[in-house]
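Visitor: Please take me through one part of this model up close.

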Amino acid sequence: MAAAAALEAVAPTGNLWGLVHDFVMGQQEGPADQVAAGTADGAARLPRGGRQEGAASAQTLSGKGESTCIINSTSRYSEVKSGSYTVLQVVEALGSSLENPEPRTRARGIQLLSQVLLQCHSLLLEKEVVHLILFYENRLKDHHLVIPSVLQGLRALSLCVSLPPGLAVSVLKAIFQEVHVQSLPQVDRHTVYSIITNFMRTREEELKSLGADFTFGFIQVMDGEKDPRNLLVAFHIVHDLISRDYSLGPFVEELFEVTSCYFPIDFTPPPNDPHGIQREDLILSLRAVLASTPRFAEFLLPLLIEKVDSEILSAKLDSLQTLNACCAVYGQKELKDFLPSLWASIRREVFQTASERVEAEGLAALHSLTACLSRSVLRADAEDLLDSFLSNILQDCRHHLCEPDMKLVWPSAKLLQAAAGASARACDHITSNVLPLLLEQFHKHSQSNQRRTILEMILGFLKLQQKWSYEDKDERPLSDFKDQLCSLVFMALTDPNTQLQLVGIRTLTVLGAQPDLLSSGDLELAVGHLYRLSFLEEDSQSCRVAALEASGTLATVYPVAFSRHLVPKLAEELCIGESDLARGDGPTKCSRHLCCLQALSAVSTHPSIVKETLPLLLQHLCQMNKGNMAAGPSEIIAICQSLQQVAEKCQLDPESCWYFHQTAIPCLLALAVQASMPEEHSVLRKVLLEDEVLAAMVSVISTATTHLSPDLAAQSVAHIVPLFLDGNISFLPENSFPCRFQPFQDGSSGQRRLVALLMAFVCSLPRNVEIPQLNQLMRELLELSCCHSCPFSSTAAAKCFAGLLNKHPAGQQLDEFLQLALDKVEAGLGSGRCRSQAFTLLLWVTKALLLRYHPLSSCLTEQLMGLLSDPELGPAAADGFSLLMSDCTDVLTRAGHAEVRIMFRQRFFTDNVPALVQGFHAAPQDVKPNYLKGLSHVLNRLPKPVLLPELPTLLSLLLEALSCPDSVVQLSTLSCLQPLLLEAPQVMSLHVDTLVTKFLNLSSSPSMAVRIAALQCMHALTRLPTPVLLPYKPQVIRALAKPLDDKKRLVRKEAVSARGEWFLLGSPGS
C-alpha cells in the first residue's frame, strides 16, 4: 500500500485522483486509452492560461532532474471544464508512481501517460516534446516490464508535428542501443516498426545523416522477426531504405540476408484470421524488396536458381516471378555471370515441367531476361551478351524444331518465341536463324499434320514481327524469305487437310498485315485462294468462315487488290445466282448464292470497297423484284443480313455510315412501298411484306441509323417522316407508283405493315434529333396501334409509339402523349374488338416508362397485374412480364439511344414482386397459374445476386410453378432454378425431396426443351451436399434410364451427363 500512500500525498483532489489511483493499482481494468480519453478531450478544449502550477510535478516526471520544466508549459491549459483534465493534472495525479520502486506500478503509470499522449500529441509544444522524449529515453533503461509502455509513449511523440530537429535520431539510437526488440511481444515489436516508419516519413534527412548506422540498427531490430503482421511493415521499411537512397554502407549483404531468409514465403493464414493477411501480400512485399536494387543481384540470383531447381512448385513459381521483376532493374553487369545457369534452369522447367503455370512463368522470365540484355547500352569494346545468350538458346532448341512429331518441338518453339518477342534485335536474330530451318523442314515433311505443326511455329514467329516497325524496307527480316513464305502458304491453302488450311489462312492474314511485303502477283494469288475457300462445302465450314474473316482483314490493307480481283468475281457469281433462282435450281446453287452474299459483306471493310459492294447487293435485291424469279423469304432475308453486316462495318467510319444510309435506306423503302401498292402484282410483293422479311429490313435500317451524327440524322428524318405522314415520295429512287402511299390514312394493310420500317428509323435516332410533325405522328401511331385488322401493324405502331415516348424529354408534351395513350388503352380494354391491341399498347408503354424510371410506370404495372385475373387477357398479361424484364432487339435498346436506367430489373423486382406474391395467394385457383407464370418470368431474368437473399421466401412458389401445366412456365422456372442449385446449395437442399420428384416428372415432358432443362437441373442437383442426396441415388439412377432412350439426341446427351454424375455421387474423389 506504499504506492497508494505516495499517490495520496501528491495527487490533486477530485475524481482524477480516483481514476489514476484505480488504474495504477490495477483496480480499473478498462484499457488505458479509455481512462485517458477525458484527459485528451479536456486538453483539446482548454485555452491558454497561467503557469502557477506544476513546478513540483516537473521533478516527479524527470526522476533524476533531467526535465526540470517539462510540465511548466503544460499549465497553459486553464479552467478545466467539468469532467476533463490536463496533461499536467495527469502527471500530478501519477505523482510518485512514475518513480515507484515497484516495476509494475511504474509501468502502469507510464502506460497511462503514454495513452494520454496518443490522444493529444498534436497539441504539445516543442519544449514539452523535448522534455517528454528525454524522460522516455531515460526510461528505456528501466525494467523490462516498463519497456512496452515507454515504446507506446515514444510512438505518440514520433507523431508530433513540433518534434525538434535531432530528436528522431536520438530516439532511434536509444532504441537500437537499449532495446532488444526481438525479445518483445508482437505488439511491442510492431510499435518499434511504427516509430521507425513515422520518423522515415517525416524526418528523412535527419535519419540519412546517421549514414549506414541507421541501416545497421534496423537490421538488428528486424533480425529474427516471425510475425506476418510485423513482416509486412518491416518489408515496407526495407523497400523505403533502398528506394529513397538511404546509405547501406558495408551492410548490403546483411540487409539482403535479413530479408531473403523469408524467401520463398511459406505462410498459411489461420482460419477466420481477423487481420486478413494473405500469403500473396507477403510474397509481393518481399518481392518488392528483393527486386528493388541491382546491389542484391550477386546474392539473389544464386538463391533464385537454387529455388527454381527445387522440387517445390510454389518455390519455382515465386522464384521465376521474382526473376521477372528483377530484370526490370538489372543490367548486363548484374546478369553476366549467371546467364548460363539461369538459362539452364528455365530451359529445364519448360522442357520437363508438368505445370502450365511454371511453364508460363519460365517463358515470361526468359522474355524479361532477353529484354534486359537488349536495352543495356554497350561500350564499343564490350561483349554483346545478347548475341551470346541468344546463340545459346538457338543451340539448345534448333535441333528440336526438326522433329515435329516429338514432344520437345513446342517447348523449344515457345522458348525461342519468348526470347524473340523481347526486342527487335532479338526478333531479328532468332527469326533469321529459325525461319530458313522451318521452311526447309516444311518441304522435307510430307504429312499434313507435320506440316501444320511447322506452319504453326512459323506463324508464331511472323506474329512477333508485327510488334516491331522498320523504316527501311530492306531491313525487314522477312523480306529475304517472302517468296518462300508465300509459296509455303499457298501450298497449305491447297492442301486437302482442313486443319492445315486453317493455319494457312491465319498465316496469310499475318503476312498480309506486314506493310508492303506482298507483291501484286502475291495478292492476286491470295485473293484467288480466299475466293475459292469462301465457297467450300458445309463440311469445311470452319475454313470458309476463316477465309471470310481473312478477306475482311486484308481488304482494309489492300482495298485496290480486292476491288480488282475479288469483287468482280463475286458480282459475276451473283448474276449466276440470279439465273439459277430464275430456273429454280436446287439447294446446292442456293448455297453458293448464300456464300456469295456472305463474301460480299465480309469484304466490305474499306470505304472504297463499300462503294462497290453496296450497289451490287441493292441491285441484286432489285433484280429479285423483277421478272419471274422463284425467290422466297430466305433469299431476301439473306440479302438483308448481308446488308446489315455491311452496315455494322460502316459504323466505324462516319463517311461510310452516311454513304450506306443515304444509299441503302431510300432503296429499301422504295422497294417496300412498291410492294405495298394495291395494284402491285410482283412475284415479290407478298414476300417483301412477310413478317420475317420486314423484320430483316428493320435490322438493316436500325443498324444504319444508330451511328449517324445528329446533323445527318436530321437531314434524313426530314425526308422519311413526311413519307409516312404526307406520302412525300420525292426522295425515293424510281418513285412513280400507281397510287399514293398513305399508311395512316386508310391505306391498304400492306402499306400499314411498313410502319415497322418507320419504327426502325425513328426509334434508332439520337435523342437530340428533332422529329418533324411529332404531334401528328404520335397521334397517328396511337390510332394505328389499336387497329384490329392487322396485328403486325398495330404492334409495330405500339412499339414505335413506346420508343418515341421513352426518348421524349419530360414536360407538358410528354404528359399529353401519356394521357392520350392511357385514354386509348382504357377505351380499348373496354371494347371487345380491340382488347388485344390495347393490351399490347399498354405493355409497350409500360416498358418504355419502366426503363426511364417514370413515376407513371408503377400505375401501369398495377393495371397490368390486374389483368392477370382477366379470363381473356390473363395468360398474355403473364407473358407480358417476360417482355418487361427482357432486352429488346429492335426498339428500346441502348444501341438505339433509348433511355435505359441501370438496375431497372432490380427496381421492378423490389416494387412489384411482393404484390405478385400477395395476388397469387388471394387469386382463385384457375387464375393462380397466371401469377406463377408472371413471377417465374420476373425471377428468371433477375440477376442472381439480387434473387439469392429472397430465395427462402420465393422458393415455395417456384416449386409450385413446376406443377403448372403450361410448358412456358415450366421452362422459365427450370431456367431460374438451375443456377440457384449451383449458387445456393444450402437453401435448395431443404427442398431436395420436392426438387427430385418434380425434375424427374418433367424429364418425361412432351416438350423437348422442358425435358432438356429438367435433366440439366438433375445434373445441377449433384452440387448439393452429398449426404442430402445419397438416399435418392438409387431412385434417380433408375428414373434416368428412361430418357437415355429418348428420340431426341440432345435429350439423350443431357441424360447421359446427369446419370453419370449421380452414379459417381458419394464415390471416393467425387
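Visitor: Is the crossing in which H42 passes H43 left-handed or right-handed?

Guide: It's left-handed: H42 passes H43 that way (the near helix is turned anticlockwise from the far one by less than a right angle). Quick ground rules: this is a predicted model, where local features need pLDDT of at least 70, side-chain atom pairs count only at pLDDT 80 or more, and totals for chains, interfaces and linings use all residues. Residues are numbered from 1 along each chain as its sequence is written, and side-chain values use heavy atoms, leaving out hydrogens and water.

Now the pair itself. Helix H42 covers residues 812-830 and helix H43 residues 835-851 (DSSP runs of H or I, at least four residues, numbered from the N terminus). They pack at about 150°, with axes 8 Å apart (lines fitted to C-alpha atoms over the stretch in contact, with angles from 0 to 180 degrees between N-to-C directions). H42 is therefore roughly antiparallel to H43 (an angle over 145 degrees).

On the H42 side, Leu818, Ala821, Lys824, Val825, Gly828 and Leu829 do the touching (heavy atoms within 4.5 Å). They meet Arg835, Ala838, Phe839, Leu841, Leu842, Val845 and Leu849 of H43. By class, that contact comes out as 10 nonpolar, 1 polar and 2 charged residues (Ala, Val, Leu, Ile, Met, Phe, Trp, Tyr, Cys and Pro are nonpolar, Asp, Glu, Lys and Arg charged, the others, Gly among them, polar).

As for confidence, the protein averages a pLDDT of 85 (the predictor's per-residue confidence, from 0 to 100), and 87% of the residues score at least 70.

Key
Helices (H or I, at least four residues) and strands (E, at least two) are DSSP runs, numbered from the N terminus. Angles under 35 degrees count as roughly parallel, over 145 as roughly antiparallel, 65 to 115 as roughly perpendicular and the rest as oblique.
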